[in-house]
Amino acid sequence: WGAARAAWQRDRLPLAHNDPGADEAVAAGYRASAFAYIMVAAALSLLVVLLLGGDRRFLELTGISTLVMVALLTLRQVVGLSENRRLMAAKLAQESRFRSLIHNTSDLVLIADADGVISFVSPAGVRTFGNHPALREGALITGFLPADAVVSLADAQHELPAATPRIKTSVQAASGESRSVEITATDQREDPAVAGIVYTCRDIT
């Protein structure tokens, strides 16, 4: 995950949706690792108490049990490391596919926060609409999309949160030419990897 996050920071591309199954598997691995460490710590504590107390009746049994648990913990860590590497490789492959898709699609993808400030502009922006001054991070979404279109999309999302509203409108390219576009909006503000509303703009001129 750290590697994927670093790649996102480097390329300024949003991460794809997380795989819930993979995330749950990683979380389960962490819980299992923590439990194993707790058991070994308890056994070592008991061994110390027996040594200090001079009670050697269970000392040999406790020592053997501790060694067995340490061996099992080591084996579990080796298996866990292999599984985590597999999950990380799958996640990075997913991010790579998503990044390639974003780079090569002809649709413009914009991400803006609740205040309408753009945090991401896909490469299709320049290819399709030229060097528009509003197609940059930090600009307002209404500097490119008509304000009434943004409001209409927001109202539709409020009425049907699970739906993906779609409208047709026109925008102005950097050259001054008017372009007809079809816009969809998806609210991904609850997804920490996106943290915004995703606007997909398709040129239908």
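Phenylalanine 129 and phenylalanine 144 are both buried (buried is under 20% relative accessible area, exposed over 50% and partly exposed in between, with a 1.4 Å probe and protein chains only). The model is a predicted one, where local features need pLDDT of at least 70, side-chain atom pairs count only at pLDDT 80 or more, and totals for chains, interfaces and linings use all residues. Residues are numbered from 1 along each chain as its sequence is written, and side-chain values use heavy atoms, with hydrogens and water left out.

Searching the whole structure turns up one aromatic pair. Phenylalanine 129 and phenylalanine 144 make up this pair, which is edge-to-face, at 5.1 Å centre to centre and 75° between the planes. For such pairs, rings of Phe, Tyr and Trp (its six-membered ring) need centres within 6.5 Å; planes under 30 degrees apart are stacked, over 60 edge-to-face, and the rest tilted. Since phenylalanine 129 sits in helix α4 (residues 124-129) and phenylalanine 144 in the loop between α4 and α5 (147-159), the pair ties together parts 15 residues apart in sequence. Helices (H or I, at least four residues) and strands (E, at least two) are DSSP runs, numbered from the N terminus.

On to the strands. β3 (residues 166-172) and β4 run antiparallel and are joined by seven bridges; strands pair if DSSP finds at least two bridges between them. Glutamine 172 has serine 178 in β4 as its bridge partner. The hairpin of β3 and β4 has five residues between the strands, and glycine 176 in this hairpin takes a positive phi near 95°.

Most residues other than glycine have a negative phi. Alanine 195, though not a glycine, has a positive phi of about 55°. Alanine 195 belongs to the loop between β4 (178-188) and β5 (196-203), and counts as partly exposed because its relative accessibility is 43%.
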